[in-house]
Protein chains: 2
Amino acid sequence: MPNSRSTPLDTTAVRRRNLSAVLDLVHRRRGVTRADLTRALGLNRSTIGDLVGVLVAHGWVDERDDQTRSGVGRPSPLVVTRDRWLVAAINPELDVIDVALVSLGGEIVARRRTFVERPSAATAVEVAARVVRELSAEHPQATVLAAGVAVPGLVRRGDGCVRLAPRLGWRDEPLAEALREALGMPAAAANDAHLGSRAELTFGAGQGAASVLYLNGGPSGIGGGIVVDGRPVEGSAGYAGEIGHLSVDPRGIACACGAHGCLEALVPRAALTAAVGLAHPDDDELDAALQQAVTAEGDATGPVSSIVREQLGWLSIALRSVVNLLNPERIVLGGHLAALWRASSADDRAASLAEALPVTATDVRIEVAALGAQRLLIGAAELAWDGLIADPTEVVPLEAAGASAS
Amino acid sequence: MPNSRSTPLDTTAVRRRNLSAVLDLVHRRRGVTRADLTRALGLNRSTIGDLVGVLVAHGWVDERDDQTRSGVGRPSPLVVTRDRWLVAAINPELDVIDVALVSLGGEIVARRRTFVERPSAATAVEVAARVVRELSAEHPQATVLAAGVAVPGLVRRGDGCVRLAPRLGWRDEPLAEALREALGMPAAAANDAHLGSRAELTFGAGQGAASVLYLNGGPSGIGGGIVVDGRPVEGSAGYAGEIGHLSVDPRGIACACGAHGCLEALVPRAALTAAVGLAHPDDDELDAALQQAVTAEGDATGPVSSIVREQLGWLSIALRSVVNLLNPERIVLGGHLAALWRASSADDRAASLAEALPVTATDVRIEVAALGAQRLLIGAAELAWDGLIADPTEVVPLEAAGASAS
DNA sequence: AGTATTTGTTGGTGCGCACAACCTATCACG
DNA sequence: CGTGATAGGTTGTGCGCACCAACAAATACT
């Protein structure tokens, strides 16, 4: 049943939701006092005490004294994340399969990069499953409960089927299902830019904002993630956020997607790397080189500055459209778009939203992504955490938690 | 607290939510059997019986035998909307203030159009309040509980302040507040296109879809409403949905907003009315005249057909961008965009999403708005219903309902 | 040391929903 | 036209959960 104002609830849903709300807050803040929880959630002190007790019993969190705090009144114990339960985060790329174990609070506990040239989906699943088992064995005190995959391509909502990943040459691969079988645990897959935006929203440059627009520039194009009222926008089938294929110039050059004048065709990373004369820089190297080149030129008419300026111009047109369309609170730029932004002059940056509607544009903050190279793994972990945080007592029966917890 | 996975609940929230869910379903379907409710909401039969009983006691709904149904088993009573409680819907326009009383189920019970040339906000509030009282007096068996206003302009989220309504010449008018005071009841205001999209979503061409993109073309421009996963997208401050100010051609002509190449600058209603030689046609007249002109020409190179074709071209560019960005399930076109769509050739229509990403474009259904001239009033009523349906027992104490009912 | 302040703890209360058993109304079929 | 099957409303019981109020504990201020 779509578009209903509210879904019905039963009595057990109350407990589930409240446990979930507490755990979620501990997750995003990595440490909260019980007093904080009562204030933030508006529940009764005794209720919070009870809920935290349940989470402790199930091995999700620990309680300990809060040294740092001071002030009148009885000190409130700090509720902190624990490494008893982990999730696996997986990011298959052109020549490497990146796997990590991530704890509650989004911290990477272990990470291993395995080099494989253009893996098939089957190979990727196999390698990922093996590495997850290896890393898991190296952390015997912890248990991995679920997995999330960040895929550079279009992933169908619901079943996590990769409809198209041009960079990897995948087409209609039931990735999440295969991984679920190979690992014997819940697994989910989603577009990498979507997950990047989730990571930035929860732990990075999007923190505190309710509606965020995230644009990431990579070697194969520009992807994006949209967050509205705190919820990621997936679109009806999961393919939302393709900001790279916004039409920016109807008479523009052809794009790999078959259309003309797409943003990603007009603002390619390759143009920037070529301008600074680097073959395969990572994002940090590109960022540094661009800044250096622009300062060296000193003048906005220099060759590198001109390219930066031209690209920023196209980006501004896209930003203007999307700002008018979605009225976001914050825009987060990642990858080469971050480098482009930082290399642009203050004037050009200030002018980037000059053509957007004033009421909308004045309150938008444009920021550079904060999470760097771990972004996709953290985002993939968030995806895996979703189901667990939504129902913390279902996934981990009390006996299991009690049995191996000292 | 923004972007949290779930908000906490208390025990009373269960009742509230379930009452709200039942009432909402009756509202959108205008008549549901108790058996339907049990199935749709997944609650126990006894619970549904109880909830319906409460709604009946508070004067929201009636129960009566369902004549139409047939089949084995005990017949289930039909839960139907009642006219005991109404909301006021208000739509101030350039030269008329349109006021209606709307019942649960979105049906217009009474409507009065009052002609006023370019009213100030104060005048509009005064006239609206007077007309609401008049209509209210003509329906003594009913009570008006809340009001909603559809404003042709940018309305701030939260307080319903009209930041800018160029057509009316309003600027920073605290409309909702003024109306709340004048009427002595809750009042809310929102952008007219947003409310149009809500009306189409609930009762019109958007029914059944969870993510809908709505574009409406009027004499003063193109507005839009976005619905994602069943929820209207307002943006951080309420100004989302300005599809008319999507950049479609960076070298295009200047728009009233100060930018260049906005969709609404390139697809003006005036061009179509001029092409068919009508001065001030309403949407239906324009639609009929366009269809007639195009069929008369027979040929795609005729003058009217050319204009239609050119406008559809620009519209297609905008649709392509937004489809790639939001992956909607359905697109609903209203006003002159509906006329434009219907006057276009089948080939041109089929080609309109040719440049969008195939996975996204194949499942999009493009439809023409279904609700006609009542759309904005129904949408404004929806806005007013929001608060009432969210908490049906709070607004109407039992005594009040019992006292004047029966 | 005494008081004010903040917070955790405990037992009692109310309430909403699930469940099961029972009752009722219709249809189908011989 | 009666009997069985089917669908669905009705009633009473029990459980779970959050709230509340009073109490206990741990700090800071004077």
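At 33% relative accessibility, A:Arg30 counts as partly exposed (between 20% and 50% relative accessible area, with a 1.4 Å probe and protein chains only). This is a predicted model, where local features need pLDDT of at least 70, side-chain atom pairs count only at pLDDT 80 or more, and totals for chains, interfaces and linings use all residues. Residues are numbered from 1 along each chain as its sequence is written, chains are lettered from A in the order in which they are written, and side-chain values use heavy atoms, leaving out hydrogens and water.

- Most residues other than glycine have a negative phi.
- You'll find B:Asp229 in the loop between strands E13 (221-228) and E14 (231-232) of chain B, and B:Asp229 is partly exposed at 27%.

**The interface**
- On each side, 79 residues are in contact (heavy atoms within 4.5 Å).
- There are four salt bridges between the chains (a side-chain nitrogen of Lys or Arg within 4 Å of a carboxyl oxygen of Asp or Glu).
- One of them pairs B:Arg251 with A:Asp249, with the closest N and O atoms 2.9 Å apart.
- Several elements of chain A give two or more residues to the side touching chain B, including H6 (192-203) and H10 (303-326).
- H1(A) gives the most, with nine residues.

Key
Helices (H or I, at least four residues) and strands (E, at least two) are DSSP runs, numbered from the N terminus.
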